[in-house]
Every structure is written in C-alpha cells, then in structure tokens.
Amino acid sequence: MSAYPSPARGTRPPTSLTKVIGAGVIGTTIEWYDFFLYGSAAALVFNKLFFPSADPLVGTMLAFLTFSVGFVARPIGGIVFGHFGDRVGRKKLLTLSLLLMGGSTFLIGLLPTYATLGAGAAALLVTLRFVQGFAVGGEWGGAVLLVAEHGGPRRRGLWASLPQAGAPAGNLLAALVLWILALTLNQEAFLSWGWRLPFLLSAVLVAVGFWIRVSVDESPAFQQAKARAEADRAGAVKERAPLLRVLRDHRREVLCGMAARLVENISYYVITAFSLSYAADTLGMDRDLVLGALIVANACHLVSIPAFGALSDRLGRRPVYLVGTVLMGAFGFVMFPLLQTRDAAVVTATLAAGMVVHAMMFGPQAAFFSEMFSTRIRYSGASFTYQVTNIVGGGLAPIVALYLLDRFDSWQPVAVYLGAAAVVSAAGVLLARETRGSDPDAQTGDTNPLPADAPAPTPAG
C-alpha cells in the first residue's frame, strides 16, 4: 500500500473502461480526421488553389511542404501538453487539444484562396496547419495513456491500441467524405466550394467528441501519481520538470523509440499521401478510384491495429513490432510495380496489404512506448518519443518521395528510402527492452504502479 494518500473520490462512480475507451477512440478519430483531411486536400486541392502559379509538380511539393508544417508543430505540442498532462491531468489537456484541432480545421474551410488574397492565403493556411499539428502533438499521448492507465497490464496491448485505431478511422472518414464529393461533384464545383465541406463538418464532430470527453475521469494511476507529487511538494521535495527527467534518466528508451518509429511514420505517409499523388498525377489514375482503394486500405488498417495490439500481449511488443519493420522494408519494392498495373483490384489489395504491415508496428506501439516510462513522466516521455520523429519522418516523407521521383524519374529510390528507414527501426527495436509485463514505477522508485488488471469492460451507466 502506498504511503501517499489516494485522491479523494466524489459520489460519482468511477468511469467504466468501456466509456474511457470510447472517449479515447472517438476523440482520436475526430482529431485524425481533421489532420488527415489536410493531407488528402494537399494532394488533390491545395496545390491548385493556394499555389496556382507554380509548376504542377512544384505546386504539389509546396502543398506537401505546408503539410509538413504540422509535423514540425507536433513535437512542440507533445512537449507542452506532456508537461501539463503530467502535472495537471490527461483529461483536461485532451479536451483542449480537441478544441484547438477542431477550431483550426473549421477555419481552413473558410479560408480565401490565392485568387482572392494572393500569398496571404498560403500564410494563413500554414498558420492554421501549425495549430493543427500542435493540437495533434498533445492528443496522441493523452489518448493512449488515458486508456492504458485505466486498463490493466495483462491486456494493455489491446486496450492501448484502440485509440491508435482512431488514426485509420479518421483517415477512413476523411477519405470517405472526399470520395463521396468526388463522385457527386464535377472538378470545377469541387475546386470552387466542395473541398470546403469536409473542413466545415469538423465543427459538428468536435461538439460530439467534446461532450464525450468531459464525462470521463482521470485514471487511478495518474490520481495516485498526482497525490504523491503533492505530498512531495508539501515536504519541500524539489522535482524536475517531467521532460527533463525523461531526458536525464531515459535516454535509451527515447532513442530506441524514435528509431523504432521511423519506418512506421515514413511508410504511413508514403502509402496514404504520396501514393495518392503518385497514382493520380504520375500514373494518371482516376482520383475517385484511388480514394476508394484508400478507403478499403484504411478499413483493413482499422481492424488490424487492435489485432496486432492483442498479439503483442501474448508474444511481446518487440517480436510483433520487429516483424513489421522487416516486412515494411521489403514492401516498397513490391508496392510500386503493383501500382503501375493501374488495375483497381490490384491497387486496392496492394494498399490494403501495406496498411496491414503498418499495423504490425502501430498496434503494439502505444503500449510499447507508454510502458517505457513511469506514471509521473509518462505523458512527456511517450509524447516526446512519438512526436519528435515526425520532423524527419512523416512530415518530410511525401516531399522526399516526390523529390526522389522527380530527380531519378523512378520509383526505386523511394523504395530504397523506405528500406533504409526500416533498417534504422529494426535496430531500435532490437536494442530496446521488452516492456510487456514490466513495472516502470517500481523500477524508478515510485509507489504508484500501473493498476492491476482491470475487469472486463462494462457498459457505461
């Protein structure tokens, strides 16, 4: 029993695990819908509306460059939200991230284009993209930790993977909305006003997500950690900022996690963002066909993530993750020749296979990273490890891929790019410690360990 008091509870019963999972998944889905909607629009719309005077390829690269601004902002959001999330609580910061994300996405839907405002339109687009990235930077850590800390260690790989599934769910929703618009509107109407509708729809989705998130409680593990920190401060015990503790005591975990994330991050945006531009612009395929293929691929991704998260509860985080890195390293050399067939069924199956391989890494990742750090620094540690890689990974991946395609007039350098990232990630996984069943609180001397295994979820009432 801890020597530090647990936080007092009110008369309201604790939030059920089902409700916590629902809050994590729905909120994450909404935020990633907003974030990925921008990526799809960058490939299809923004190059024409905000950079019309540029060469078509250059215009696409400039649009993807604004896309990458969100990835630069994500580590900043991860640091800021991580600090206050470890000090104040996961729930409050998650609610704030949702409002920031939804507000910036809604405003993108109201932006004037280059034809109206000139270069100022692109400047406003970049600013709102930065806010999007800042909000998403704080979202991931809080969402997966809220679920992981409410659930127990025996099935933490499964529980923590469910908010991860919000990423393909959000991308699926964004692709589905764009696909419907592509089928119902002609090119002129879509470029004139149709592209704005998915961004404006964000306001409705955020209202739903906000209502759900404000109704959940903080995790018992965080409440105990907060009570311990308050007792330490009352006893005049000085405590370093969470991120400073992470960088001082967990350098190995941070470096291994960042390396492990590299190919997962790069491959995702090569498959979902670059492939859309490659198939539509380079191969001349119909955009609605490619969007339809991405819808199927994201549906497969959505199902695969919790499956591999659950598998990591049985086999360990490292084995499942490692197989994913190896397969992804080889996938690029298979993907592009299959895309060049221009056959709808082959293209769909190829993108779906790529997303299943990606899920082998993405499924165990949330539990893997969160179990590396003790409760009092977990938001900062997991968020920093996850988000910093975005600067050199996902944020630049479509730009690097486009540059390599233009420079060498071949897909092969893009495949080599994926393969090299896979080598780095495999090394990171091999050098990392297995975290399944570990107790990072005990290892660091904290007395507020992650909760014992929780009972099966019960309906929220």
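This is a predicted model: local features need pLDDT of at least 70, side-chain atom pairs count only at pLDDT 80 or more; totals for chains, interfaces and linings use all residues.
Which residues make the nonpolar surface patch of about 440 Å²? I found Ile76, Ile79, Val80, Phe84, Val88 and Phe130 there. (Patch members have over 30% relative accessible area and no salt bridge; like charges are joined within 9 Å, nonpolar side chains, meaning Val, Leu, Ile, Met, Phe, Trp and Tyr, within 5 Å. Areas are Shrake-Rupley with a 1.4 Å probe, and for residues only the protein chains shown count as cover.)

Residues are numbered from 1 along each chain as its sequence is written, and side-chain values use heavy atoms, without hydrogens and water.

Next I looked up Ser383, which sits in helix H16 (residues 378-392). (Helices are DSSP runs of H or I, at least four residues, numbered from the N terminus.) Ser383 is buried at 0% relative accessible area; buried means under 20%, exposed over 50%, partly exposed in between. Beyond neighbours within four places in sequence, I see Ser383 in contact (heavy atoms within 4.5 Å) with Gly78, Gly137, Trp140, Gly141 and Arg378. In H16, 13 of its 15 residues are buried.

Then I went through the salt bridges (a Lys or Arg side-chain nitrogen within 4 Å of an Asp or Glu carboxyl oxygen) and got 6. Glu371 pairs with Arg156 at 3.3 Å, N to O. These two are 215 residues apart, and both are buried. Asp313 bridges to Arg317 at 2.8 Å. Shared partners join Arg156, Asp313, Arg317 and Glu371 into one network.

Notes: Buried means under 20% relative accessible area, exposed over 50%, partly exposed in between (1.4 Å probe, protein chains only).
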